[in-house]
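User: Please take a close look at the pockets of this model. I would like a connected account of the residues and elements that line them.

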Amino acid sequence: MKAISLEVSGDTARKELIRGMIMPPGRLLRAYLTEAKYEMARMLRTPAFAIPFLGLPALLYLLFGALIFSDAIRNDLQAGKFIFTAFAVFGVMGPGLFGFGMMVAMEREQGLLKLKRALPMPAAAYPIAKMFMAIMFALIVMATMIAALPLGHLKLTVGRVLAVVVINVLGSLPFCAIGLFIGARTTSRSAAAFVNIIYQVMMHISGLFYPLPGFLRAIAPVWPTYHLQQLVFSAIGAPSQGKAVIHVIALTGVTAMLTALSVRRLAREG
């Protein structure tokens, strides 16, 4: 009888432990929102991160669209659409790449990920908070780009503007996945170099800012920037290459594959 009593009390203790580990839905949501809020506040309070990524896209667009190529855009609407698309895509690349790539590598080496795993918080709250930060930065970037449209001599309907915003905000996710992949596999010292190399290569060898020669044009679809730019071209009524569904599949595939590989690596490290 004593053995049966101990067994029953042991089962009860295990059930109570499991019940205590399962958060109620309201508390679970609050945990996600709290982590996301503080991640967003932290990055906004980091001038070296916030100022370049939030300010440069619209400023560079105004420099080229409203000053340097102003006359050409007045005479050629497609040129204005190309410049706007290039800097809009450029603007949503950086927060995900650098916010994940450099910060995850640094925090992983400092033991912050292990500390967060030991805390009573959902395991997914950490990457989701960073993803939320990248999405919010992308929204702010797109707001500044849209505000700069009249000065860039480009007129878009409300429907096209909304389509561009949705595509670019969701299009920031593949760059989050690339950054997470880099952050999960590099050291804090080398992460910045790898992120910058990938960042520069995607900008210049995907045809984002200028037409490519034939041999580079053939490999442009390797880069997520190419697919995102083609989707934005379609949204604003500019000539685009390839089918939209192919571009969506390519961006979704990159996001899912690199995220899965990164999560597996981080889970193995404990």
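**Pockets and their linings**

Analyst: Helix 13 supplies six residues to the lining of the largest pocket, the largest share from any element. The model is a predicted one, and the space in this largest pocket comes to about 580 Å³. Its lining consists of 25 residues, and those closest to the centre are Ala123, Tyr126, Pro127, Val263 and Leu266. Two or more lining residues come from each of helix 5 (77-109), helix 6 (112-118), helix 7 (125-147), helix 9 (173-185) and helix 13 (244-269). Sorted by class, the lining of the largest pocket holds 17 nonpolar residues, three polar ones and five charged ones.

The classes in the lining of the second largest pocket are eight nonpolar, six polar and one charged.

Tryptophan 223 sits in the loop that joins helix 11 (214-217) to helix 12. Apart from neighbours within four places in sequence, tryptophan 223 makes contact with Val201, Met202, Ile205 and Ser206. Between tryptophan 223 and methionine 257 the sequence separation is 34 residues, and their C-alpha atoms lie 14 Å apart.

Technical notes. Residues are numbered from 1 along each chain as its sequence is written. This is a predicted model: local features need pLDDT of at least 70, side-chain atom pairs count only at pLDDT 80 or more; totals for chains, interfaces and linings use all residues. Side-chain values use heavy atoms; hydrogens and water are left out. On a 1 Å grid over the protein atoms alone, a cavity is a set of points where a 1.4 Å probe fits but cannot get out, and a pocket is an open set with protein on both sides within 12 Å along at least five of seven lines; lining residues have an atom within 4 Å of a point. Grid points are joined across faces, edges and corners, and a volume is the space filled by probe spheres set on the points. Helices (H or I, at least four residues) and strands (E, at least two) are DSSP runs, numbered from the N terminus. Ala, Val, Leu, Ile, Met, Phe, Trp, Tyr, Cys and Pro count as nonpolar, Asp, Glu, Lys and Arg as charged, and the others, Gly among them, as polar. Contact means heavy atoms within 4.5 Å.
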